[in-house]
Each structure stands twice: as structure tokens, then as C-alpha cells.
Amino acid sequence: MTTRGDIVLDARHLSRTFTARREKGFFKKKYGQRAVDDVSVTLRAGEVLAIVGESGSGKSVLARMLARIVPPTSGELWLNESQIDLSARRGIDYARHVQLVLQDPFAAINPVRGIRHTLERPLLIHGANKGDVVERSRDVLASVSLTPPDDYLERYPHELSGGQLQRVNIARGLAVNPSVLLADEPISMLDVSVRLGVLNLLRELCDTHLLAMMYITHDIASARYIADETAVMYAGQVVERARGTAIMDAPVHPYTQLLINSVPNPDHLARRDSGASEAKASGFNLDGCRFSPRCPQAMDICHGNQPPEFDLGGGHTSRCWLSATDEQRTAVSIATR
Amino acid sequence: MSLTDANLVLHVSNFSVDYGYADEAIRAVTDVSFSLGRSRVLGVAGESGSGKSTLVYGLTRLLRAPGVITAGDVRLRLSGAREGEIIDLLAATEDDLRAIRWSEISIVMQSALNALNPLHKIGKEFDEVLRVHDGRLSKSQRRQRAEELLALVGLQPDRLQRYPHELSGGQRQRVMIALALALRPQLVIMDEPTTALDVVTQREIVSELHELRERLGFALIFITHDLSLLVELADEIMVMYAGRIVERAPALDLYRAPRHPYTLGLMESFPPLSGERVAMTGIPGSPPNLKTPPAGCPFHPRCAYAHDRCRNEMPPLNDIEDGGRSVACWLHDPASPVEVPVSLSRRGDTTPGGVK
């Protein structure tokens, strides 16, 4: 029996490199594009881990690695304290434990089959009895507040609104009773007025079923609303993580600070022209801190040395040289001299 | 019709748009009236399907079949060489429209990647519009003007040699804004220009828009579903629901003291970035299907304060509180049997956001 807080899925030092081809020049050279670079995350029963990042930060690739749709280039994956053999094919058993819910329900659900088919299919694939399937479909529809379930089973996707269809999408993920739910931007395609309903549903499901949930978003305010722990990703790395609302209330990493200052907030109109937004994108620095070319507080050490994750206490870490002690910085500059 | 005030750029009255014909018609925009002052920013907020994009496509006569303008009157005051002239946009011929498009009204669409020709370098887009609308410019003059325009939005002149796919999303959207400003229009319309961008880029573009508007003095209609973004940018905000304006007010007044239950619900749908974490409910139900709109007020099935009148009669958009703002809600009718809740009345005006 799992209890709240138990580690369900543990990803250690996951990396993924995609091979790209350099277009310019006489010799077309292949080079590696590190989409996710040494990311470790822990999903716990009954808890929501939010991954916040802009497009291209690697957050979706991370989710696909956890679902084993994209194989990691390196790293380890532990499910319920046993290590997964990443060189083997993903078996059906792994999929039963770890389910992925995608962003756009209109694209994720077969438009020519009824809702009944959508919900029964995973159950049949995972070997449920034909007789139990209908009952189970009704149960999961009820658990995502689509009641009475019989009203929905015979309908087609185009007959439902975006919010209802995303609930069906979540219900499909829950049908096989997984222990891990990976939700990749589950609310960004929905109408503003129904987003909160779906967020509340995810939180409730996490609490009642003791699901270990990963919630991927670009909206840091929604992460603050739902998450037990939040990790901010930038250019394939986790730059800051903390439990509760610490990241939003007292951000330490300059990128997190920039992100939070950029959110439209009419209560703080005065902050609009604060210097942080002046940073302009000019590529990533692969040798040093990935954020250093845009960072308003970048120092010499940042350009040539990648900062490790510094522990700030209470589970709050920041991948930034500003959080290092003087001794730590000196040690690095001596080593590289 | 009225456009008598010389400070007004655009005046719209009783504007309606249908999709489809006769019995099949779906009413996408119903009875919208507003006017826009010189150099003012009007924000239009609403969810998908609220009619906000249809409204501006209709106004600018860009609406494609099966969209039909069924009623209304739209007047635009011209500037520049035709200063003082007033044109009836709905009666204008294609030739009239071609003469004013881009030079008087320009539009920035949501997806810059779809709006730019992937086979043309950025420079060609600028060159084309400048050449077609002003034949007197020489090639080098056009190039110089294009570089000025790029500088205006903070891009290097070498971007003219690039193809759209070589630019980031934010850079492409900046190119679109520079293009829209190429002929110094007095009215710019932006349809969700920052929705596809991440917040940091959105922030940069919004502060650039602020500066540009102050320098160039164009009027702006800015469409988005993000109410808090509008509060920062707009002078006045119109909230649309199911094709109608449900509330209109100066931006800060709307934010600090909404009067329509839908506006309040919309604001409470965005979790805050500070303060205690509390459970929020958003708005129950989902937006109406315009094929079968509910009788009476279209918001009543989702409204906590709905009473009998709301279920049967459509509330008109009435001025309240000495003009300045208006709301379409029976709660604010003197004969309303339901008392106006504190959060939607003057008594609630000190929250949120502090003292007015």
C-alpha cells in the first residue's frame, strides 16, 4: 500500500541529445543538440511536481522520457524502487503504471470513434475483462466529473467542448489505474474560464488516488496554484527548484526572477519597466551557465563554468553562481586556471 | 451617423456578423457599438468563440464567406493627405479599401509564421509594401526605410537578409509589428499578437508597443484572452461573451471593480502569483454553443446571480455610474430582485488592488 510522499518514479541524471545537421558551410557536420541535460526529478505519491519553462526548454522531452516514448541518451529511471532497463523495449507493464496526458484533446482523441471506444481501448489492451470494461469506463468518467457517465459514453469528440474533452483525455489516462500521471500543458489549449476547473480536477485526482503527478506548464502562476514542488527549466536544465510556493515568493535564480517579473500583473504596474526585462535572447552558453548571455547579474565565473545545483536549505536549490559561497567560487577559479 | 468628434478615429454602431445564411446562420457578433479615440488603446477580452476576432475582421472587411455582416455602421476618419475625410467602411468598394488598408488601418495576426511568406526574405516583405503603396520611393530609399522600421522594434538591419524560419518567434512577431507600422497607419489592430510567445518575450514586446505608441501616436485595438495583460496595456477594455459586449470600462476600473459576473469570473480564473494559496473555482460550465444560444442573457446558465428575468430577457448594454462605463446585466437594473453582491458593486471598490 502506498502512502503519501512515497517515491514512485525517480529519474536520475536524465539527458537526451538529438542529432542535428549544421546547414551552413561546405562540410555539413552533424552535431548534438542537448534538449535535456542532466535532469533529476522525483515523483511522489499524492504530490504534484510542476515543471515550468518556456518553449524549447526541454520540459516536454523530459515528460516523454519519463513515459519512455523518447529513450534517454543517458541516465537512470527507477519505478517503485526497481531500476528500469532503458535498453529494452518499453513493455506494456510500464505503460500501465505511467500514463501521459497531452496538451490538445482535439488532436489526442480519435475524432471518428465514440468516447466509449476511447475509454475502453486502453482497458482492453491492458487485459481487462470485457464485462468489467463498461463499468470501469463509467467510473472514470464520473471521477473526472462528467456525470451522468451514460450521457457521454455514446457521444463523439466533436459533440463535447474543449474542457469536457480534456476531461475525457484525463479519464483515458486514469482508466488503467496508473500510479504516475504525466500531464503536458493540460490546460493551455482550453478556454480561460474552464482552465481552473481542470486544474482543480487534477489536484483532486492526485489527492484521492495518491497519484504521483508531473504537471508541465509555461504558466508559473498555475504551478503555484497546484504544485507541491516546482522546478524551473531553462535550456534543458533545472535551474531552480523548491517545495511549496518558495520559488514564486522568493525566487533566487535570475531566470526565475525574470520569468516572474514578466507575468502580467496589474497589481504591480510600477514593476513594468524594471531592468530585468531588458535582457535580450542571444543564444545559449554551453560552456558556462546556460543563462549567462541574458543574465543581468552575470559575473566572469558564469561564462566559463557551469554552476552545479547549490542547496539553499529546505529542498530549495538554485543552479547559479550567485548562490555559491566565496570558497566554492574560488575553488572553481583555481581549478580552471 | 456620428463621427463628429474630431478626436475620434473609429465609430462602430450596432454591428452584427453571422456565419452562414438564413436558418443555418450562427450569430457570431451581435449589436456591438463603440468608438475609439485618436492614440487610444482599446482592449478586447474574451474567450475563444466570443466573437472578438470576427468583430475586427468584420470591421476591416476582411471577413470571408460564410461570414456575413448583417447590420451596423462603421466610420473611419482618415489622416495624412486625406485628413478630415470620413469613410463608410461597410459601403466602401474594394478600390477604396485597398487605398486605406495598411496606410490607415493595419493588422497584426496571431501567428507570424503563417503571415510571413516562408520563401521570401524579410527584406522583400518590406520592399513590396513600400513599393506598392508609394511608387516614388527608390530602391535604396525603400531599403533605408525598412532598416528604420526594424530599428524601431529593436532588430538589427541584417535581419532583412534572413528568411522567417531563421528568426525566433519573438523576432518574427517584431517583424510583423514593424511591417504593420510601415505606412504610418493611424489605427493598428492586433489579434492575440503575443499568445504564442513565452512570457519573457511577451513582456518585451508589450513594453515596446508602449513606447511605439507614444512616439508614433497610432490608435490600437488589442485582442487577447489575457485580461491582466490588457489592464497593463489598454486605456479602455471591452469584455465580450457569446458575441456581445457584456462590460466596457476604463482598464483599471474594470480590473479593480468589475460589474459583470462574467468579468469577475474571468479575473478569478487566473491564479495569483502572490498571497495565500486558496482554492479557486473559476466559472462553472462551459461557453455556450452559438448554434443554440440560451434564451435571455447568454451567461445565465453559468451565473451565480441569475434570476427569472435573466433567463427570459436579454439585458441591454447600459451606462452605469454617470457614464464612463457600461454593463449588460440585469443585476444593475434598479428593478433587480437580487441585491447586487458586494464584489460587483461600488461598495466593493476598495478590493482587489487597493484603494482607487
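Which strands of chain B does helix 1 (residues 52-59) lie across? Helix 1 of chain B lies across strand 1, strand 2 and strand 4 of chain B, and runs at about 65 degrees to strand 2. Angles run from 0 to 180 degrees between N-to-C directions, with axes fitted to C-alpha atoms, for helices over the stretch in contact. Helices (H or I, at least four residues) and strands (E, at least two) are DSSP runs, numbered from the N terminus.

The model is predicted: local features need pLDDT of at least 70, side-chain atom pairs count only at pLDDT 80 or more, and totals for chains, interfaces and linings use all residues. Residues are numbered from 1 along each chain as its sequence is written, while chains are lettered from A and ligands numbered from 1 in the order in which they are written.

In chain B, four strands form an open sheet in the order 2-1-4-5, with antiparallel pairing (at least two DSSP bridges between two strands). Strand 2 (26-37) and strand 5 (86-88) are the edges, each pairing on one side only. The twist averages 5 degrees from one strand to the next. Eight bridges join strand 1 (residues 8-19) to strand 4 (residues 67-77) of chain B. Within this pair, B:L10 has B:L76 as its bridge partner.

The largest nonpolar core has 90 residues. Such a core is a set of buried Ala, Val, Leu, Ile, Met, Phe, Trp, Tyr and Cys residues joined through C-beta atoms within 7 Å. Buried residues have 20 or more other C-beta atoms within 10 Å of their own, with C-beta atoms placed from the backbone. A:L182, A:M213, A:M214, A:Y215 and A:V232 have the most contacts inside this core. Helix 8 (residues 192-209) of chain A gives the most to the core, with seven residues. Another core, of 85 residues, lies apart from it and includes B:L36, B:V56, B:I100 and B:C310.

The contact takes 33 residues from chain A and 32 residues from chain B (C-beta atoms within 7 Å, placed from the backbone). Helix 8 of chain A also gives the most to the side of chain A that touches chain B, with six residues.

In helix 4 (residues 115-125) of chain A, the buried residues are A:I115, A:T118, A:L119, A:E120, A:P122 and A:L123. They pack against helix 5 (130-143), helix 6 (150-153) and helix 7 of chain A. A:G127 follows helix 4 of chain A, with a positive phi near 80 degrees.

Terms used:
Buried ≥ 20, exposed ≤ 12 C-beta atoms within 10 Å, placed from the backbone. Contact = placed C-beta atoms within 7 Å.
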